[in-house]
Amino acid sequence: MKIYSLIFLFFTISFFGNPVEVKNDTPPLSPEMERLNTELSDVKAMIKKNAAYNTKIAFFIDMRIKSGKNRFFVYDLEKDEIVDQGLVANGFGSETNVRGELKFSNEPNSKCTSLGKYTVGKSYKGMFGKSYKLSGLDETNSNAAKRAIVLHSYSAVPNEEQDYYISNSHGCPMVSEAFFKKLEKIIDSSKSNIILHIYY
C-alpha cells in the first residue's frame with residue numbers, strides 16, 4: 001500500500017505541483033510609446049487645470065527619435081490614440097558631435113530647439129509663409145517669443161520617412177508642407193489653445 005501511495009503522490013506532484021505559466025498576449029510598449037505616455041500624463045494634468053486649453057487634441061514631438069522618422073504626433077486626448085504623425089526638424093544649434101544625440105537651449109541666437117510645453121498661438125505670414133506663433137510655458141522655453149520660435153513648413157522637409165537625417169531649422173519645429181496643411185486645419189478649427197510639447 002505504501003508503494004501505491006508513493007506512486008500516487010508522485011503523479012499528483014507531477015501534474016499539479018508545478019505552477020502554470022500564464023502567457024501575456026499584450027506586447028511590451030516601445031521606448032517611444034513609454035516616453036509618450038509619461039509626457040502625456042503631465043500634459044493632461046495641465047490641461048485639466050486650465051479651461052483655455054484644447055481638451056481634445058494635443059501635439060507631441062519626441063526629439064529622441066531621429067529626424068528622418070516620424071516624431072511629431074497629433075494625439076486625440078479623448079480616444080487616447082495617435083491620429084496623425086509626421087517629420088519635424090530640430091534646430092541646427094542642437095546638433096552635437098554624435099549624430100542622433102541632441103542638446104537643447106533656451107538662449108537667444110543659440111539656434112537650438114527648446115524643450116517644454118508651448119501654446120500654439122495666432123498665425124501670421126512670414127518668410128516661410130503661414131506660420132503659428134508659439135508661447136513657451138516652461139523655464140526651458142520661456143524665450144520662445146523673443147527668439148521668434150514658430151511652427152512653420154519648409155519645402156526641404158520631406159513628407160515621407162527616410163533612413164537619413166532631414167534638414168535643420170533655426171530652432172523652430174519645421175514640418176513638411178503637406179503635413180503643415182493637416183496641422184493647419186486642426187489649429188484653425190480649434191476654439192481653444194492647443195498644447196505642443198517637445199521632449200527628449
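Helices (H or I, at least four residues) and strands (E, at least two) are DSSP runs, numbered from the N terminus. The expected span of a helix is 1.5 Å times one less than its number of residues. The model is predicted: local features need pLDDT of at least 70, side-chain atom pairs pLDDT 80 or more, while totals for chains, interfaces and linings use all residues. Residues count from 1 along each chain as its sequence is written, and side-chain values use heavy atoms, without hydrogens and water.

**Exercise 1.** Check the span of helix H2 (residues 31-49).

Solution. H2 has 19 residues, so at 1.5 Å a residue it should span 27 Å. Its end C-alpha atoms are 28 Å apart, which agrees.

**Exercise 2.** Find how the buried residues of H2 are arranged around its axis.

Solution. Take buried as under 20% relative accessible area and exposed as over 50% (1.4 Å probe, protein chains only). Arg35, Leu36, Glu39, Leu40, Val43, Met46 and Ile47 of H2 are buried. Their directions, from helix axis to C-beta atoms, fall within an arc of 135 degrees, so they line one face. The face turned away carries exposed Lys48 and Lys49.

**Exercise 3.** Classify the ring pair Phe72 and Phe179.

Solution. Rings of Phe, Tyr and Trp (its six-membered ring) pair with centres within 6.5 Å; planes under 30 degrees apart are stacked, over 60 edge-to-face, the rest tilted. The count is six aromatic pairs. For Phe72 and Phe179, the centres are 5.3 Å apart and the planes at 85 degrees: edge-to-face. Phe72 is in strand E2, Phe179 in helix H3 (residues 177-189), 107 residues apart. Both are buried.
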